[in-house]
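User: I'm new to this structure and would like to learn how to read its features. Could you walk me through them?

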Amino acid sequence: MHWASLLPLHSASPIDAQSLAVWALQFTPRVALVEEAVLLEVEASLRLFGGAESLHALIEAGAGTLGARVAWAPTGLAALALARHGVEDGFAGPLTQLLDALPLEALSAVARHQATLARVGCR
């Protein structure tokens, strides 16, 4: 799979996630609002837009203009975690290594269990 996460940067632009999701529909119908971000599954769209490099360039240029950070990964939640920490390319190396380098807070599900995880030494 090939996922993108679009994370609005509120200081750069007043665009909200819903507006960003509507904009993203031009690239794929597989768009979802997840927390503060927009996730796009673009595997089927790669060929339509001239391949991964071309589609990445289109989405990154548009998202940058709209005031959003983009990250790419094989899964949607991995792309979201990477975007939250400014890592753009989840295909640059083994995904487990890229994610292992992030703090636990990169994952939303951790927030509910942060205190317990900290007590047992998880980081």
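This is a predicted model: local features need pLDDT of at least 70, side-chain atom pairs count only at pLDDT 80 or more; totals for chains, interfaces and linings use all residues.

Analyst: Happy to! With that, H2 lies across strand S1 (3–8), S3 and S4, and runs at about 155 degrees to S4.

User: Which strands does helix H3 lie across, and at what angle does it run to S4?

Analyst: Helix H3 (residues 76–84) lies across S1, S2, S3 and S4, at about 135 degrees to S4.

User: In what order do the strands form the sheet?

Analyst: The order is S2-S3-S1-S4, an open sheet of 4 strands with antiparallel pairing. S2 and S4 each have a single partner strand and stand at the edges, so one side of each has no neighbour in the sheet. From one strand to the next, the twist averages 25 degrees.

User: How do I read the hairpin of S2 and S3?

Analyst: Start with the pairing: strand S2 (residues 31–34) and strand S3 (residues 37–41) are antiparallel, over 4 bridges. Val34 has Ala37 as its bridge partner in S3, and Leu33 has Val38. Between the strands there are 2 residues, and Glu35 takes a positive phi near 55 degrees.

User: How should I read aromatic rings, and how many aromatic pairs are there?

Analyst: A pair of aromatic rings is described by the distance of the centres and the angle of the planes. A search of the whole structure gives 2 aromatic pairs. Trp23 and Phe27 have ring centres 5.2 Å apart and planes at 70 degrees, so this pair is edge-to-face. The rings of Phe27 and Phe49 have centres 5.5 Å apart and planes at 55 degrees, so that pair is tilted. Together, Trp23, Phe27 and Phe49 form one aromatic cluster.

User: Where is Ala71, and what is it in contact with?

Analyst: Ala71 is in strand S4 (residues 68–73) and counts as buried, at 0% relative accessibility. Leaving aside neighbours within four places in sequence, its contacts include Trp3, Leu82 and Val87.

Conventions: Residues are numbered from 1 along each chain as its sequence is written. Side-chain values use heavy atoms; hydrogens and water are left out. Two strands pair if DSSP finds at least two bridges between them. Rings of Phe, Tyr and Trp (its six-membered ring) pair if their centres lie within 6.5 Å; planes under 30 degrees apart count as stacked, over 60 as edge-to-face and the rest as tilted. Buried means under 20% relative accessible area, exposed over 50%, partly exposed in between (1.4 Å probe, protein chains only). Contact means heavy atoms within 4.5 Å. Axes are lines fitted to C-alpha atoms, for helices over the stretch in contact, and angles run from 0 to 180 degrees between N-to-C directions.
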